[in-house]
Amino acid sequence: MGIPGLFLLQLFSIFCAFHSPALAVKRSYIVYLGPHLHGSRQPSMLEVNERTDSHYEILATYMTSKEKAKEAIFYSYTYSITGFAAILEEEEATKISKHPEVVSVLPNEFNDLHTTRSWEFLGSEKNGQIPADSLWRKGRFGEDVIIGNLDTGVWPESETFNDEGMGPIPSRWKGYCDRNDGVKCNRKNSIGNKKLIGARYFNKGFEAAIGNSVNNTARDYDGHGTHTLATAGGRFVSGANLVGAANGTAKGGSPMARVASYKVCWGTCTDADILAAIDTAIHDGIDILSISLGSRPRQYFSHGISIGSFHAVRNGIPVVCSAGNSGPTEGAVSNVAPWIITVAASTIDRDFPSDAILGNRRRIKGLSYNTNTLPVGKYQPLVYPEDVKAANDTTENAISCEPGSLDPAKVKGKIVYCLRGGNIQETEKTLVVFKAGGIGVILAGQSPTSLSSLEPYFVPTASLVTGADSLSILAYIRNTKSPKALIRGATEVGRTVAPIMASFSSPGPNEITPEILNPDITAPGVNILAAFTEAIGPSSRPLDKRRVPFTIFSGTSMSCPHIAGIAGLLKTIHPDWSPAAIKSAMMTTASTTSNVRQPILDEETFLPATAFTYGAGHVRPNLAPVFILLRILSLTMADYYNFLCSIGYNASLLSRFTNETTFRCPTPKINLLDLNYPSITVPNITGNVKVTRTLKNVGTPGKYTVKIDIPFEITASVKPTTLEFMKRNEEKKYTVALEAKEGSWSVRTQFGAIVWSDGKHEVRTPVVISKEFSV
């Protein structure tokens, strides 16, 4: 569920942002003076003018004149809020924060209208506006498509599932809600929610496996299911944030879709419950199925998700699954059946810097969600836990900030340096400091390569990166008579390179069928904000009594519903498209470059990532429905049957699996390399290999020319080199000839692409070629 963010890249971006000469740089601040005394009464114009003038007077005391103050102030808050916004130097902001009428001074964070930021990063919106070419507009925001989600349930009261302005439930819907435990959603011809139209639970498989019963409820007590369902199909909700971070408007990929929750996870998720849920979902009438869960790679007939998804696809339902969070282990990718859309996770261009600035002016880079609640520019006492430990506890417990180890009388009003590790999680360490009266925490790493994690801390926190930074702070504390520090940070957008492939995202190759590339595609999956359960706190720790409507998670569980939401939009535009066509549309228009027009990087190595990590590339939703004038021909169910024949399943078994008694495996069996998949993968190439693909024109007549982007270690050719389509839905084949050149390769696997273009549009098919090294 929660996966550490991509901190090395983030810190590099932070370093670049702050690495500038020590000049008096001006920036915008908000000076907050508290609420108005008039309460709900509207002030008169005279009062407004008087308050505006009072703001000039306050600021003028820190500037050379009232005229300078008027030039600096660009907003005066004079109605419900008292205060002003101005362009100030840091020193000026620090001085103003000490004014007796000032409640707080805070930097003016860059808070564009954005969801978890991911949908703006994907191009669905820009600066809070929806462009004409946005897939949201073309897909009518997923209007009336039905997205089903297998997960930990749903928190039905979440604002993200409000049904304001939605019409009647589609007549094809047959599902309902299990209404015990206060779960409420719509029933036809009755008062209820028209957005959340289904909420079911499946626990018999889990109970059978563990021998104990669980609560019979569709309600989400974990938060994972609410988050994923909201990411796929949540409504627009303004003011969404986590402890002030990532503030903006939350929304899902198909905001006007209907959604249905199928609870199958109770700490773990069994195949029996998964299959029961998929079976029910197909019956209920869902259009898209999102499954953010999985297991180790398993043979297709031994994997509940593979079996259930096969039947969903047979019924025209695209199934989107997470690739897994077992990276960077090679071959760890899960949910690898070719009929599934398997999704990797990558970053977006948002960051959460939270730096510790010591009294000697040294800045230590850190990360955190909870920042900016300390007075701006004001240093606070910094203490080492051993010096403020409780009399009846040990030094060992104190330096790790264990519960009860700190003396409140010595901690109150101070920033505490706490070592990471020990018996409790980092969030709990900040709670210990908070309960003892502390106002901030510096979380110190103990390893040279230690990465800080992002958590919803209880106090402003600088979660440090390396052991070297930690030791330098400790040296400062020990060698300074009155050590002090301040913690400064804010949500930053657009200042970091993205996407970057997350190190946790499970990579290929496909261990079950190496001829099929997995994962298929990547989407935002790092630090994603979406709706959350209010049954537990944001840290999921028992001691966390906070309740928040939104939280931030990372994982392929988060990237999966992004693709499900996009699939919903495509289904709205093209209701006749098969699951394979929707998959092909996204894959063949994906990008392998970042927002700085460089190859997507791998977090683990900081080298260019490969198709084993991102599949066809990063999804570009606005290109999929319109600009794809040429696409890989959709696979049919017969293609999948023939595929299963080729990997060893016999006709007798397949007839039971497919319920088609007349089915016969072809003779000879098809070559797996010729499965009309939107990628080409040749494992252990020997000699000359030929691969065939069929393309279909879904636009106007046109002529397309091939571009071969294959590494020099391989001889490659394509015949024909041009394809001319005279009419819509015309199909044409091409053949790719590949041969490994003599001599040793520098790496075992080479990556390239075949690209068809009419001069305006490109359709890209990734190519992966492996060769066994000689011993």
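This is a predicted model: local features need pLDDT of at least 70, side-chain atom pairs count only at pLDDT 80 or more; totals for chains, interfaces and linings use all residues.
**Overall make-up**

The chain contains 19 helices and 36 strands. Of its 775 residues, 59% are buried.

**Helix pairs**

| Helix pair | Axis distance | Crossing angle |
|---|---|---|
| α10 (residues 304-314) and α18 (residues 637-646) | within 11 Å | roughly 150 degrees |
| α9 (residues 271-284) and α10 | 9 Å | about 10 degrees |
| α8 (residues 224-233) and α15 (residues 556-573) | within 7 Å | roughly 30 degrees |

The crossing of α10 with α18 is left-handed. On the α10 side the contact is formed by F310, V313 and R314, and on the α18 side by M637, Y640, Y641 and L644. Six of these residues are nonpolar, one is charged and none is polar.

Helix α9 contributes D271, I274, L275, I278 and I282 to the contact, while α10 contributes G304, I305, I307, G308, S309, H311 and A312. By class, the contact of α9 with α10 has seven nonpolar, four polar and one charged residues.

The crossing of α8 with α15 is right-handed. Here H224, H227, T228, T231 and A232 of α8 meet S557, M558, P561, H562, A564 and G565 of α15. The contact of α8 with α15 has seven polar and four nonpolar residues, and no charged ones.

Helix α18 is mostly covered, with seven of its ten residues buried. These are Y640, Y641, N642, F643, L644, C645 and S646. After α18 comes G648, which has a positive phi near 115 degrees.

Helix α14 (residues 467-478) has twelve residues, which at 1.5 Å a residue should span 16 Å; the end C-alpha atoms are 16 Å apart, so the two values agree. The buried residues in α14 are G467, D469, S470, S472, I473, Y476 and I477.

**Backbone exceptions**

Most residues other than glycine have a negative phi, and most peptide bonds are trans. The cases below depart from this pattern.

The bond from G327 to P328 has omega near 5 degrees, and the bond from T667 to P668 has omega near -5 degrees. P328 lies in the loop between β11 (319-322) and β12 (341-346), whereas P668 is in the loop between α19 (651-658) and β29 (680-682).

The loop between β11 and β12 also holds N335. N335 is not a glycine, yet its phi is positive, about 55 degrees. With a relative accessible area of 1%, N335 is buried.

D144 is another non-glycine residue with a positive phi, near 70 degrees. D144 sits in the loop between α6 (135-138) and β5 (146-151). Its relative accessibility is 28%, so D144 counts as partly exposed.

Terms used. Residues are numbered from 1 along each chain as its sequence is written. Side-chain values use heavy atoms; hydrogens and water are left out. Axes are lines fitted to C-alpha atoms, for helices over the stretch in contact, and angles run from 0 to 180 degrees between N-to-C directions. Helices (H or I, at least four residues) and strands (E, at least two) are DSSP runs, numbered from the N terminus. A crossing is left-handed if the near helix is turned anticlockwise from the far one by less than a right angle, and right-handed if clockwise. Contact means heavy atoms within 4.5 Å. Ala, Val, Leu, Ile, Met, Phe, Trp, Tyr, Cys and Pro count as nonpolar, Asp, Glu, Lys and Arg as charged, and the others, Gly among them, as polar. The expected span of a helix is 1.5 Å times one less than its number of residues. Buried means under 20% relative accessible area, exposed over 50%, partly exposed in between (1.4 Å probe, protein chains only).
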